[in-house]
Each structure stands twice: as C-alpha cells, then as structure tokens.
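Please look through the sequence and the structure below before reading on.

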Amino acid sequence: MPWTLSAFADEAGPSTTDQITALQAAGLSRIDPRNVDGHNIVTLPLDLAKQVQKQYEAAGITVNMYGSPIGKIDIADDLKTDLDRLDHLGKLKDIFGCGAVRIFSYYNKTKLPRPQWRDKSIDNLKRLQERAGKLGLVLYHENESDIYGDHSDQVLELAQLRDGVTFKLIYDFANYIRTCEAGWDTWQKMKSTTDYFHFKDQKTTGEHTPMGKGDTDAGRIVKDAADSGWAGGCTVEPHLRLSKAVLATHVSGTGSLAMADMDQKQLFQIACEASISQFEQSGIDWS
C-alpha cells in the first residue's frame, strides 16, 4: 500500500471552487471534505453533494475521508445525534464513493468520574462501530484534545476496538503535544496501532507550524514509520491561521505568528509543500 496525501482544503477557502483550485495548485488529487459551500459534511444536502461530486470529477479530485465532527459532543448528550450524522454519511458514500469517516470520542463537561467517562465513551464508539459496519463505513478515531482519547494511554484503551475493518486510529502530531506528551516517546507507544496520520505540527508554546517546524518530532517520526515499513494515508491539516474553518474545530493555540501577514490560500500552499517535503526527505513514494 503506498503513502497517500490528502488535505482539509476548507482551510484554503470556503467554496468547492476555492478548495479545488488550492488542491490543484498544491499538486494534490485527494480531499477530506469538512466544510463544503457553507455546510458541514454531516449536513451537506444530497442534491448539493451530487453537484460537488461533479466538480470533483471534472477536476480529477477524489474524496479521501469525511472530516466529520462525530464524537465532538458531551458524553452526557444523546448519541442519536452522532448516529444520525453517521447515517447521513452512509448516504454520501453512494455519491462520493468514499466510506472513511474521521471521528472523536466525547467531551466530559459534566465531569463524570474518569472510569464512567471511559466506559461510556467506549460504549458509544462500539455503537457507532456497529452502525458503521451496517453502512459500509470505516471509522478513523483522531486524538483530539479534551476528549476521552486525547492522551496516548487513553487511545491505547480505545485500540481494543481497532479491527482494521470498521475502526482505525489516526495519529495527529500536534494534538499529542497539546497533551504535554513528547512526540518521539508517544510514537513509540502508538507505532503499532497507528493507521493514519494527520500532518499538523505545533510548538510547545501552542503556535502551529508547517510540518517539520514544530516540537512534535514529526520529521523523525515520518522517517521512522517509512523505515519500519509503515505505509498509508496522511492528511494535511494546516491550522496556520485560525480561519472560520479552523475555529469550528475546537482549536487551541495560535496560528503561525511568523506568517501572520499571509492569507489562508498562501498558508495552505505552504502547509502542503512542507508536508510533501517530509516525504522527499524520507525517500517516500506517494500519490
């Protein structure tokens, strides 16, 4: 399986046209749709989705993974919200030809004791996993901060659900540093259970950077993954500016202070170039 590179192109612009133009300028042919023409992917009307897919096809763009917000609700909230979102993505699967779904695992604003928070999060994920199996979808869990599954030890607990068919794990470089975990040490723990990468880098100060410029050991980790025979998908998630698309993601920290005078289109290109550079430095063939 080759390495592949996609991107959250809503960080380049809000419209499908903006996003396609940005992807083409970066030399990418894959997209993780998250915010599309004023709609989150889990609420994108089916008629509009068909129009968007026609634009993708004309531009040679394929949908790689849905950047859904599933799991970004409180552990005390009704899971029906997320099950309904998943059902909608099941309908989009027939339009976009994609069954991969990025998910999370629950905030705890109500301050449940940790064991209850863990057990209910895992139960919720099992129910989502069961529904995903029926819909022909694959769930990819991201280590977002403040959910159950932000620290590596918690993600390893969630790895009990990892079956390679309906449930897989994403390694997000910046999100681990936000939990005060050392990048290289975290990678050693997560190496055997990592199915996917989010290329987002950050300094310990909270400032986001292009890949390889932060404090996450991103370059060393990517090379080690390649040297170890790992191969799979990666998605560029710039966060170099706290745009509307980024602010909708429960972001913490800041955009790049050194690039504050650049617009989001320029920053998207820089993020993609830095990510591609990681492949080149490690001798990785990618598509």
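Which elements do the buried residues of α7 pack against? The model is a predicted one, and in it the buried residues of α7 pack against α5 (152-158), β8, α6, β9 and α8. Those buried residues are Gly183, Trp184, Thr186, Trp187 and Met190. Viewed down the axis of α7, they fall within an arc of 160 degrees, so they line one face of the helix.

Asp217 is in the loop between β11 (208-209) and α8. The phi of Asp217 is near 65 degrees, which is positive although the residue is not glycine. With a relative accessible area of 31%, Asp217 is partly exposed. After α8 comes Gly229, whose phi is also positive, near 90 degrees. Cys180 sits in the loop between α6 and α7, and its phi is near 65 degrees, again a positive value in a residue other than glycine. Is Cys180 buried or exposed? The cut-off for exposed is over 50% relative accessible area, and Cys180 has 75% relative accessibility, so it counts as exposed.

Another loop residue is Gly164, placed between α5 and β8. At 43% relative accessibility, Gly164 counts as partly exposed. Gly164 and Leu44 are separated by 120 residues in sequence and by 28 Å in space, C-alpha to C-alpha.

Next come the helix pairs. Two packed helices are described by the angle between their axes and by the distance between those axes. Helix α10 (residues 264-281) packs with helix α1 (residues 16-26) at an angle of about 40 degrees, and the axes are 10 Å apart. Angles under 35 degrees count as roughly parallel and those of 65 to 115 as roughly perpendicular; α1 and α10 are therefore oblique to each other. The crossing of α1 past α10 is right-handed. From α1, the residues Asp18, Ala22, Leu23, Ala25 and Ala26 meet Lys265, Phe268, Gln269, Cys272 and Ile276 of α10. Sorted by class, the contact of α1 with α10 has 7 nonpolar, 1 polar and 2 charged residues.

In the second pair, helix α3 (residues 80-96) and helix α4 (residues 114-135) pack at an angle of about 20 degrees, with 10 Å between their axes. This angle makes α3 roughly parallel to α4. The two helices cross in a right-handed sense. Which residues of α3 and α4 meet? On the α3 side they are Asp82, Leu83, Leu86, Asp87 and Lys93, and on the α4 side Arg127, Leu128, Arg131, Ala132 and Leu135. The contact of α3 with α4 divides into 5 nonpolar and 5 charged residues, with no polar ones.

Key. Residues are numbered from 1 along each chain as its sequence is written. This is a predicted model: local features need pLDDT of at least 70, side-chain atom pairs count only at pLDDT 80 or more; totals for chains, interfaces and linings use all residues. Side-chain values use heavy atoms; hydrogens and water are left out. Axes are lines fitted to C-alpha atoms, for helices over the stretch in contact, and angles run from 0 to 180 degrees between N-to-C directions. Helices (H or I, at least four residues) and strands (E, at least two) are DSSP runs, numbered from the N terminus. Angles under 35 degrees count as roughly parallel, over 145 as roughly antiparallel, 65 to 115 as roughly perpendicular and the rest as oblique. A crossing is left-handed if the near helix is turned anticlockwise from the far one by less than a right angle, and right-handed if clockwise. Contact means heavy atoms within 4.5 Å. Ala, Val, Leu, Ile, Met, Phe, Trp, Tyr, Cys and Pro count as nonpolar, Asp, Glu, Lys and Arg as charged, and the others, Gly among them, as polar. Buried means under 20% relative accessible area, exposed over 50%, partly exposed in between (1.4 Å probe, protein chains only). The arc is that of the directions from the helix axis to the C-beta atoms.
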